[in-house]
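Here's a walk through one protein model, from its surface down to its rings. Have the sequence and the coordinates open as you read.

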Amino acid sequence: MWSGLVFGEENKVGGNSASAYQHPSVFIWLASCQCVRELRAVWKLKQYLCAQEGDSKEPGRGLAQLFCTKALLHVPQDLPSTLEKLDLSYNKIEQIGSADFSSLTRLKELDLGYNHIFSIANDSFASNLLLEKLSLFNNSLGEIPSLALRPLKRLTALSISNNLYPRSRLDEVFSSLENLQEFSLGGPVVYTVGSEDFVPLKDIPLKKFFLKTASSLTEYQEGAFSKLNTTELWCDVALDRNPGALPLMLRDLKGKQLHYLRFRNLFEFTYYTDSVDLFAGLAEVHVGELNNPDILRFDWTFTWFAGVTYLSILNVNFNFVPCDAWGEMRNVEVLDVSNNRLLDGYIYNEGCLYQGIMPSLEHFNLSNNALTDLSTVSKLTSSWPRLSKLDLSHNQIRNCKELPCGWSPSLVWLDLAYNVVTMGIFQCLPTRLQFLDLSYSQLERLEMAYFEVTVDLQELRLSGNKIKFIPTEWRCPNLRVLAIDGNSFGVIGKGSFVNMPQLTQLKAGNNPYHCVCDLYGFLQETLRNGKLQIVDWPSGWTCYHPEPLLDTAVIAYTPRLTQCSVMVVVAIAVSITATVVIAIMVLCWRFNVPWYLKATLQVVRSKYRSGRSQPLRDFTYHAFISYSCSDADWVRRELLQRLEASTPPYRICIHERDFTPGRWIIDNIIENIENSRKIIFVLSRSFVDSDWCNYELYFAHQRAVGMNFEDVVLVVKEAIDPQALPNKFCRLRKMLSKRTYLEWPSEPGRQAFFWVQLTSVLGKAEVIKKDPKGDPGDVACRKSNMADNCLEMDTVADADGVPAC
């Protein structure tokens, strides 16, 4: 039983026809080729010259290893005795003498590969008892140098393959090399492998045994490989003329525990066409990995697949899988058929029965093929009960031709990178995935509905696509790793991944970012919280917009606080507004601005009214003043003096000066009110107590009905509560509640504005054409003296229909 099988081709090293890469010494050669200039510099620094004639200079001290590749014909003399590693490969040395390495007692590694050595003295290595690695690969030895190898008890790696000895038989000297771990044997003229050739190695536990034979092995004697005790067996054996040797080799390996079994060039020049299954014996070989047996060239039965658990068919350009092959792979757990030419119609054949096959398969690698339809793969694998990992990367998958797509419930890992998918691919994807890779697949948009139902998705890779925006409604509750680098979107904000509460790793560089507040806020919050790790920050994060920030690193984008914080802008605005309001309030309080505004409004309204209501007739007086005797001093001192002293002066009528003596008081009141353009009422608490003032108010009210009350001017000398007025002053209560009145300010600084308001209400002091009747007489306080003889006016009806109080 073996657990692994690998089919495929490997590239040879250089153009040398010899199989140089079959032995570890080839890696030494590669190293020496890459470092030859440096090593020559060391050689020059230590003042050693490897010349064709073998000239040398005085050796230095402390040199532990030396490489010399200058077409030497023999081993240089006077090499430093401190050498531990010496590489003389790729020269033209032909013989190794007894004294060539006698001074190198510390030597541990010696490479004499790729020379022309045909002779080695028996005591050539007598002084090199510490030697551990020796390569005589690719020389011209006519026989195996057993006697020369006798002293080398510490050898762990020995390469004597690709020489010209005709047989591979080993003598007893090799049984003493108990530390040997890697052994390379054979050459292009070994045509026979005898049953006793490897007997000296039967008790030596090798890690690796390599055998090279002629291009067409003529004889393999049964039992040869049974003597080997190795964990790795490499065979460069061509069986073009003797294919029956392969079953004998596999029979000799029966029951052996091999980690690695490699056949190369089994059929170098021909194809095997017989019906005998040469690999039937593989079923009884316990091998971890079987590499490159060229099985597809000659065996189409696949009956031995039943014993394989790890199967790889790599880079052999096959494009068809027979129906029988699927049925034979019942124990395969890992199947790798990458790097071939598989097509949809060849990997899935409608005529094949795929039910009940591949019961053990867990990993299936179909990468680097020519598949185009995802639904074809779903039909092939839907009944595989243990399939968990599917690799479809590097194909040509575009969409799904048949919907719906059925998948194995156990499939949790899917790689679709490097395809050419469209948005329709989401309709065919399995919904129980935990890992999904759609990188570099020319994807332009995401299907949000798919991610809402794929609740188990934990890792999503979308790198290198053409995604133009990140939807804010993207919901993926269990997503932990997200790669969206190398796309075409430019904006990420705080809300972009808010519906991915488990997200811990984000890769989002190499996008044309718009360096705006949304991006800055997202980065600041993410870096500050530490819950979400941006794995490619800050490399690859570059501004694309706005133009002044083009090609600027996003980490260098630091906008002002007022640009990106709405709260700060609001706080500043509120603070400034509050400061301004408070300052205005203080100024208003300090300079009585509200009072002035109110007064100004009254003036404007008065001018508006006065402009609309032009006088219909000539008047004797500009104004009639109605006041209480208690307010007479204020009227004479303030009101009368200011109005009559103005330029031009106002003609004012007051009862104590302008009433006609001998006439009834009521007649005087009515006549003078009718002859005045305006009636000014000076309101105070004394005004309310005067009946004559009430009469005057009544008559003025009757006259004002036809004039829209524009002739009545209320001057409040003392504050009056309209609701506290007696019922007989109901007219005054109405007027105070409906009309704007002037207030006499007690502060001297505000009185100037009062006069401006009053004169504005009175209008321009035009010349009065009609002279007043008679000269004013001294009739002070006549109304007060006649208070007891007042007429009862309560029964007089209001002109506007309001009953008397």
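Predicted model: local features only at pLDDT ≥ 70, side-chain atom pairs only at ≥ 80, totals over all residues.

Residues are numbered from 1 along each chain as its sequence is written, and side-chain values use heavy atoms, with hydrogens and water left out.

The chain has 20 helices and 32 strands (DSSP runs numbered from the N terminus: H or I of at least four residues for helices, E of at least two for strands). Of its 805 residues, 48% are buried, meaning under 20% relative accessible area, with exposed over 50% and partly exposed in between. A contact here is a pair of heavy atoms within 4.5 Å. Among contacts between residues at least 6 apart in sequence, 64% join residues at least 24 apart.

**Cores**

The largest nonpolar core has 77 residues, and W326 and F364 have the most contacts inside it. A core, by the way, is a set of buried Ala, Val, Leu, Ile, Met, Phe, Trp, Tyr and Cys residues joined through side-chain atoms within 4.5 Å. Strand 16 (310-313), helix 5 (323-328), helix 7 (374-381), helix 8 (448-453) and helix 9 (517-529) each put in at least two residues. Beyond four places in sequence, F364 touches W326, L335, V337 and I347, among others. There's also a second, separate core of 69 residues, including L79, L110, L152 and V193.

T454 is buried, with a relative accessible area of 0%, and leaving aside neighbours within four places, T454 is in contact with T431 and L433.

Helix 9 buries L519, G521, F522, L523 and T526, and their cover includes strand 24 (505-507), strand 25 (512-514) and strand 26 (533-534). Just after helix 9, G530 takes a positive phi of about 80 degrees.

D485 lies in the loop between strand 23 (481-483) and strand 24. D485 is buried as well, at a relative accessible area of 7%. Not counting residues up to four places away, its contacts include L462, K507, N511 and D536.

**Rings**

The whole structure holds 28 aromatic pairs. Rings of Phe, Tyr and Trp (its six-membered ring) pair if their centres lie within 6.5 Å; planes under 30 degrees apart count as stacked, over 60 as edge-to-face and the rest as tilted. Here are two of the pairs:

| Pair | Centres | Planes | Type |
|---|---|---|---|
| F101 and F125 | 6.1 Å | 20 degrees | stacked |
| W744 and F754 | 5.1 Å | 85 degrees | edge-to-face |

F101 sits in the loop between strands 4 and 5 and F125 in the loop between strands 6 and 7, so the pair ties together parts 24 residues apart in sequence. F101 is buried at 0% relative accessibility, and F125 is buried with a relative accessible area of 0%. W744 and F754 are both buried too.

Elsewhere, F174, F183, F198 and F209 form one aromatic cluster. Finally, K208 lies over the face of W234, at 3.8 Å from the ring centre, and K389 does so over W413, at 4.5 Å (NZ of Lys or CZ of Arg within 6 Å of the ring centre and within 35 degrees of the ring normal).

Definitions and conventions: Buried < 20%, exposed > 50% of the residue type's maximum accessible area, 1.4 Å probe, protein only.
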